[in-house]
Amino acid sequence: MSAPSSTALAPKENAPAENDFLAPDAGQKPPGPTHSQSRFQVDLVAEAAAAVGDESPSSEASTTVPSSDKATLGAPPEYPGTSGEEAKGRFRVVNFIDPSGAGSPASPESTPVEGMQNGDTVMSETSLHSSTGGQHHYHYDTHTNTYYLRTFGHNTIDAVPNIDFYRQTAAPLGEKLIRPTLSELHDELDKEPFEDGFANGDELTPAEEAAAKEAADSKGVVKFGWIKGVLVRCMLNIWGVMLFIRMSWIVGQAGIALSCLIVAMATVVTTITGLSTSAIATNGFVRGGGAYYLISRSLGPEFGGSIGLIFAFANAVAVAMYVVGFAETVVELLESVDAIMTDEINDIRIIGTITVILLLGISVAGMEWEAKAQIFLLFVLITAIINYFIGTFIPVQSKKSTGFFGYDGSIMWENMGPDFRKETFFSVFAIFFPAATGILAGANISGDLADPQLAIPRGTLLAILITGIVYLGVAVSTGSCIVRDASGNDTVSSQFLVNCTDASCKFGYDFSSCKSVKGGCRYGLHNDYQVMSMVSGFGPIITAGIFSATLSSALASLVSAPKVFQALCKDNIYPGLGMFAKGYGKNNEPLRGYILTFVIALVFILIAELNIIAPIISNFFLASYALINFSVFHASLANSPGWRPSFKYYNMWVSLAGAVLCCVVMFVINWWAALFTNVIVLALYIYVSYKKPDVNWGSSTQALTYHQALTHTLHLSGVEDHIKNFRPQCLVMTGYPNSRPALLDLVHSFTKNVGLMICGHVRTGYRRPNFKDLATDQSRYQRWLLKNETKAFYTPVFAEDMRQGTQYLLQAAGLGRLKPNILVLGFKNDWRDGDMMNVETYMSMIHDAFDFQYGAVILRLKEGLDVSHIHGQDDLLSSQEKSSGMKDVIVSIDTSKDSDVDSSKPSSKATSLQNSPAIQKDDEDDGKATAQPLLKKDKKNMTVPLNVSDQRLLEASQQFQKKQGKGTVDVWWLFDDGGLTLLIPYLLTNKKRWKDCKIRVFIGGKINRIDHDRRAMATLLSKFRIDFSDITVLGDINTKPKKEHISAFEEMIEPYRLKEDDMEQEAAERLKNSEPWRITDNELELYRAKTNRQIRLNELLKEHSNTANLIVMSLPLARKGAVSSALYMAWLEVLSKELPPILLVRGNHQSVLTFYS
């Protein structure tokens, strides 16, 4: 926890009064903490405070607080520069408040100043640099003072459980507590504690940072309870215009029984959705965004982003739908009094425009005004419903001719069954179902609710219950007192009543002629949409109810759409929409969203023909209902420990049934609209999946992915391996993944989507390994691999030396059957320059691989592999994570050039960062080398050209990133290792970058059997179904190499020979024991033929494969304990020198190819 050595954090600008007690002596600036000092020291604060009176101000600062806190006590306000230097650690300020204001520290027991925390409280300030910039979080930690140091009577800084430790944003007082980190409790006192940070998953997104900022300034914000916020809104939205002008027609068509069934079916769908909504809403704190927030936080940004956009749009268009419904009613009234302004369609447009402008004014005025308007509209609506029910009990003679006779059993019985006219059960259901929607009206303003977890379940479910009962009541009452057809004619002659069988006959009315008349009659359930107005005690109140129902639904939608859209934009899922995330005023009102919703609504009002758009809107709502239900099923299925809703009355299978029902209803209402909705959702889902927004909400999708991965991994472990399913699973000793790009790219080429790839990194040379750095690097480089679309895992380990670390990885890397079976190394180009014990280690790693039954692969480029001594101007990862359009790479040289051995060996965290290059990977550019010269920075920050060898090294390191063109992959399959030498080039040439390369196979043979050997190999390859362009049989492998090549080899190994014949036996043995890599004369003579073969093979390679894109060759084996590491290294050196990229491969001699089906 490094901190500026003589500075302190600047005090809050808005609290100058705090400076009085932050600085006991403003004129003196005490020294800052050193790196070795912890933020906590278990000093007895009370004892120090008691001794304050006898000390000078400077010693007060040093004795009153732990040593790491000294810097904060004396910081005077005159030091503005201190705020610029952001400290990594947390600086403590002990609030020993002086009641007199004189500035001298008081005891903790002294009376706190008004508005401050009590004397036990310690304030600290941390600057957390999020993606939105450095925002300050203030933490009031109560466990540094003496009282809290004596938890349970013991001196400890260990904190007791506290809700404020678990908050993501601000606590009720606008503050957040951070518990002591594990390192602060566990590390030695002189050891640097870890940096502060949130636990995994608690990191704040930009949206949550903004929410934290809003929470800190929450005075005067209007928050609603469950009645005003949810119940009222849901009831108003569910009781639409359908209640007054279509319910009676539905009863006429379907009859009382089927009408009740229709209402019950719709209520079942909405109830299940309500239960699912309640479960999600009670599984943690709910912020603004309603349906979008619930779905996105449950199923992830892909589903949330797609449904959020169409849900917001559906609400915006629903405003137009409801306003047009209102305007049509007004125009009908105007028609009845002959007061049409222009013509019917234009009048609807004019009235609709005026209405939506007024509604926008109410919404923009603030949520409080909107809520008051809703309460008034609900009062009107309930009055209209009561007015209707009262009217049904008051039979009026004048209404009988229109079919209303009051409650009567015969009428009820006659209307019990269906009487479909040009309709079916499902078409009637499709007309009714939109009347049952609107259950999310309360959830959509979740950000404006005082307690969403209580309000959403209670308000939504009660609204569904009340509205369902009213719908059933209206269905039964209309069917029990009104006949289906009525002529409106009062005079009825008695002769017609003789053959009359209808229920109206006993009241002296015969309406049987209505069925025979071509146009039918004007009155009755079938014909008159205004039946409820006619039945009611006072007709105009029903008209007012219709106005209320349409306007309240329009107002709810006008508020919901911008709120949902604002939440969507805040999460930055669609980058172009960020401007709509801005909120205004204390309630964070989305004014820009209101304007956008207004414009969309106005456009559709001007169309004025909503019969086509209405089914699409219903389907948009149903799609969101289906996903809410599916969210609960998915979360329950994933079995994540984080899924703990406090609302218990849900069931995962019921929720799944609800999701299926919603999908069925979508197709019942309108099949083409359902298809259109699904296509839109799918398109948006694919778009968001492709864009991969940088958010992590702990969705059930992640939980289920984990669950499935775990299940499948365990299942795999129970199945024996089969040759047909062999996959190359490579442990690649890359060091930092970007330090050997060629090695990473080549192995990735044949493992991508085929097998496992683990980037192993052994970190050595640490007296005290910093495991926090290891964990940080692990997550950082894993991100880097993902960013570069490399399908691999990064696994670093600390070890005493390279061999031990590799043994750790060979034994422990992987999981179950997902374990490596091939060790991949870079060739040690500098083996002759350094300590030969490194070569001994390198060879031992190969032997260890064979001991563990691994295959071994070594890649050699003549330019080398390791580019870690070249690093960019920017931080290694930030430069990598910039846009892939960057073509020029500005690089600099670090004098400590590392070898091409498997792992970088940084001596500290600082050098480990420097040892990683910033090589820009650009897949889309096919890896073309940059045209401009690469640059380096010297110590004076002047850019100078890179030297030639490093220029070549960089170009060579990128050669496997580009398309290989029409070349060859030469396979020198000299020894049968189970087929791995052949399988790797086959997998390579299947990939896009290598598909134009042909495989040429070279085998050893005898001169007199060349044709036979070629035919035998061709037969074998065809049985393996591996395409090849040519087979060459080398009959001259055993020819003696050229003398100059033999002498060059002998000259190369000269420094490494033991020469035991020239010294005493005892001295020779002593030297061999201390330097086991030395080559004995006996060994050299014993393996003379093998040595000559390596030299001869190099000659043949230069002759046949000098232009190949890649050479894949059998790796020569050396018997463990018999061949010294220097001789083996010399064989590899002489075999592979001055050649194109060469891959030396040796499988574990288990078959990896088969020709059986």
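## Helices H29 and H30

In this predicted model, helix H29 passes helix H30 in a right-handed crossing. H29 covers residues 802–812, and its axis lies 9 Å from that of H30, with an angle of about 20 degrees between them. An angle under 35 degrees counts as roughly parallel, and that makes H29 roughly parallel to H30.

On the H29 side, the residues that meet H30 are Met802, Arg803, Thr806, Gln807 and Leu810. Their counterparts in H30 are Thr841, Ser844, Met845, Asp848 and Ala849. By class, the residues of this contact of H29 with H30 comprise 4 nonpolar, 4 polar and 2 charged.

## Helices H30 and H40

H30 (residues 836–851) also packs with helix H40 (residues 1125–1136): the two axes come within 9 Å and cross at roughly 75 degrees. The range for roughly perpendicular is 65 to 115 degrees; H30 and H40 are therefore roughly perpendicular to each other.

H30 contributes Met836, Val839, Glu840, Tyr842 and Met843 to this contact, while H40 contributes Ser1125, Ala1126, Tyr1128, Met1129 and Leu1132. The residues of the contact of H30 with H40 divide into 8 nonpolar, 1 polar and 1 charged.

## The mixed sheet

An open sheet is formed by 10 strands with mixed pairing. The strand order is S8-S7-S6-S9-S10-S19-S18-S15-S16-S17. At the edges stand strand S8 (793–798) and strand S17 (1030–1034); each has a single partner strand, so one side of each is left without a neighbour in the sheet. On average, and with direction ignored, neighbouring strands are turned by 20 degrees against each other.

Within the sheet, strand S6 (residues 730–733) and strand S9 (residues 822–826) run parallel and are joined by 3 bridges. Val732 has Val824 in S9 as its bridge partner.

## Helices packed on the sheet

Helix H28 (residues 771–787) packs on the sheet, where it touches strand S7 (757–763) and S8. The direction of H28 makes about 160 degrees with that of S8.

H30 packs on the sheet as well, touching S9, strand S10 (855–860) and strand S19 (1142–1146). The direction of H30 makes about 165 degrees with that of S9.

## Helices H10 and H23

Elsewhere in the chain, helix H10 (residues 247–281) and helix H23 (residues 613–638) have axes that come within 9 Å and cross at roughly 55 degrees. H10 and H23 are therefore oblique to each other. The crossing of H10 past H23 is left-handed.

The contact involves Ile272, Thr273, Ser276, Thr277, Ala279 and Ile280 of H10. From H23 come Tyr625, Ile628, Asn629, Ser631 and Val632. The contact of H10 with H23 has 6 nonpolar and 5 polar residues, and no charged ones.

## Aromatic pairs

Over the whole structure, a search finds 27 aromatic pairs. One of them is formed by Phe326 and Phe547, with 4.9 Å centre to centre and 70 degrees between the planes. Planes over 60 degrees apart count as edge-to-face, and the pair of Phe326 and Phe547 is edge-to-face.

Phe326 belongs to helix H12 (residues 301–336) and Phe547 to helix H21 (residues 539–570), so the pair ties together parts that are 221 residues apart in sequence.

Methods
Residues numbered from 1 in each chain as written. Predicted model: local features only at pLDDT ≥ 70, side-chain atom pairs only at ≥ 80, totals over all residues. Heavy atoms only, no water. Axes fitted to C-alpha atoms, helices over the stretch in contact; angles between N-to-C directions. Helix = DSSP H or I, 4+ residues; strand = E, 2+ residues; numbered from the N terminus. Parallel < 35°, antiparallel > 145°, perpendicular 65-115°, else oblique. Contact = heavy atoms within 4.5 Å. Nonpolar A, V, L, I, M, F, W, Y, C, P; charged D, E, K, R; others polar. Left-handed = near helix turned anticlockwise from the far one by under 90°. Pairing = 2+ DSSP bridges. Phe/Tyr/Trp six-rings, centres within 6.5 Å; stacked < 30°, edge-to-face > 60°.
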